Structure formats: structure tokens, C-alpha cells
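Please consult the sequence and the structure alongside the numbered points.

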Amino acid sequence: MAGNAANAANAANAGNIELLSSVLAQAKAEDRAALVGYLPAGFPTVDGGIRAMIEMLDGGCDVVEVGLPHSDPVLDGPVIQTADDIALRGGVKITDVIRTVREVHAATGAPVLCMTYWNPVDRYGVERFAADLAEAGGAGCILPDLPVEESEGWRKAAEQHGLATVFVVAPSSRDERLAKITEAGSGFVYAASLMGVTGTRESVGREAEDLVARTRATAGARRGLPVCVGLGVSNAEQAREVARFADGVIVGSAFVKCLLAADDDLDAGLAAVRGLAGQLGEGVRRDGAARD
């Protein structure tokens, strides 16, 4: 009886990795790339951020990443750093991040991931963080600075709670490392389109296409792990370019800019976020182009 009760409790606290996989598979079945949007929790406020993420999903995004603001986001460019600073000055806490995941998922039924640097998770407690994220309906975690060699503890907790572990690869990643990462990861692989930090750019570049091809050639990717591309995508044309060769298109800084440009007019910012999501959603549909 005790074992059955424990199993029931684990099931009740299961995360949504299967929902994430289903949504990515559905996008593929529709011959398009999935659209993944990003915003940090607590920006411009906790409630405002929740509303913005719901608008992103209602406007055209398939998946949302909730960023856990960090005082030294080394992989993020100035736009996201500005948003993180606003959130931190507003007093955002990990409990607010979990609340954001819970309310966005409850309102939309969409997969919601947490993107975070490793230190806050380690300090909060690995098992506690995984359990709380799963209980909130989270689909998994993107951990850009967690080396795969040091990830076993997190991956065990994530698997136990039904969460994806998404690792980041870069154009500088060698084939042997790509193989190790795709073997260990779950949900999808986050392919950074170029070397550097996050931010909008005029062109995504051919490095991204080569990285996706090399990642797909690994044994881990051959078991069906999708490859989604981020860093630099800011408009429908770029989304269409990336959608030609990737399973998903990840957009963050462009959404943050919508809210920054609106200043204190949240309604205007929300309308801009929804409008951008709609434009990007059209972009990822590939216009019937064949997959490479």
C-alpha cells in the first residue's frame, strides 16, 4: 500500500516532458518548425510577465521558456540582461519563477520550460527544484552552463519527475561532444546559431545550418531528439530561414524588446508581443518548403 501511495504521489507530481515531445512532433507533422518564445520571469513585473507569456502562446508560440533572472547572465546579451536587472530590482524570487510556470501552463495548456543557470538550482536544491517545477506543470529545464559531465544528479531528478533536460550546443562543439550531449539530453537540443551572446541580428548565418546537420548525425539525435535553433532570430524572414532546416525556432530578445519599447504601457507591450508571435508563427511554416 505504501508503495502504491508513493507511486501515486510521483504521478501527481510528474512534469510535462511528454507534452513537450507531443507538441514538437505535431509541428513536424504539420511540416513546420515549432516556435519557442522566451521571457524572463518578473519582467516587467511578475504578473505582467505571466500575461506576456500567455499572449505569446495565444499569438503563435508553441512552447514558452521562462527565464530565471540572474545577476550575471554570461550567455545573454544586453537586452536580456536589462530585463533580468528589472526583474531582480523588482524582487523576483525562484518561487515567482515557479508561479509563472504554473500560471502560464494552467492558462494555456502549453509546454512551459525553465531556462536557468546552474547556480540558482544548486543553491535551491536539485531535488526540490525538480519537484517544484514538475508540480507546477513544467516540461523541463534548459541549463546552458551545466556541463554534461556534471549533470548526472540533475538528470536523475529530472527523469524521476518527468522533466526534460535540454543542453545547449554551439558551432564550436566538436562532433564527439555533440554525441555526448545528444545522448544525455531529452526534450530537444538547443543549438546556438553562432558564437556569442543572445540578441537580435540581421542574419542568422550558415553556421546554424551546419550545426543542426552535425547534431542530427549523432546517435542521440537519431533516437528522435529534435534540434531547435536560437540566438539572433527576430523577424518572420529569419524564422523562415531557420525553419527550413531546424525542428524549432527560439526567439527571446525580440520579445523582450517589445516590452522595453512600450515602457510603462503594458497593454501596448502585450499587443506588440502577441503581434510578433503571430508574425513569427507565420514564418516558421516554411511556405511548403521541403525539409533538408
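1. A nonpolar core is a set of buried Ala, Val, Leu, Ile, Met, Phe, Trp, Tyr and Cys residues joined through side-chain atoms within 4.5 Å. Buried means under 20% relative accessible area and exposed over 50%, with partly exposed in between (1.4 Å probe, protein chains only). The largest such core here has 98 residues, and those with the most contacts inside it are Leu 39, Phe 129, Trp 154, Phe 188, Val 249 and Phe 255. Its largest share, seven residues, is supplied by helix H3 (residues 46–59). Helices (H or I, at least four residues) and strands (E, at least two) are DSSP runs, numbered from the N terminus.

2. The model is predicted: local features need pLDDT of at least 70, side-chain atom pairs count only at pLDDT 80 or more, and totals for chains, interfaces and linings use all residues. Residues are numbered from 1 along each chain as its sequence is written, and side-chain values use heavy atoms, leaving out hydrogens and water.

3. The protein chain has a mean pLDDT (the predictor's confidence in each residue, from 0 to 100) of 89, and 89% of its residues reach 70 or more. Over residues 195–203 the pLDDT is below 50, although this stretch has 31 contacts (heavy atoms within 4.5 Å) beyond near neighbours in sequence. Residues 288–292 also stay under 50, with 12 contacts beyond four places in sequence.

4. Strand S9 (residues 248–251) directs Gly 248 and Ile 250 one way and Val 249 and Val 251 the other, and all are buried. S9 pairs in the parallel sense with strand S1 (residues 34–40) over four bridges and with strand S8 (residues 227–230) over two; pairing requires that DSSP find at least two bridges between the strands. Val 249 stands opposite Leu 35 and also opposite Val 229.

5. Phe 255, among the core residues named above, is in contact with residues that include Gly 37, Tyr 38, Leu 39, Met 56 and Leu 280, leaving aside neighbours within four places in sequence.

6. In helix H8 (residues 152–160), Trp 154, Ala 157 and Ala 158 are buried. They lie on the same side of H8 because they cover an arc of only 100° around the axis, taken from the directions from the helix axis to the C-beta atoms. Lys 156 and Glu 159, on the other side of H8, are exposed. The buried residues of H8 pack against helix H6 (118–124), helix H7 (126–135), strand S4 (140–142) and strand S5 (164–166).
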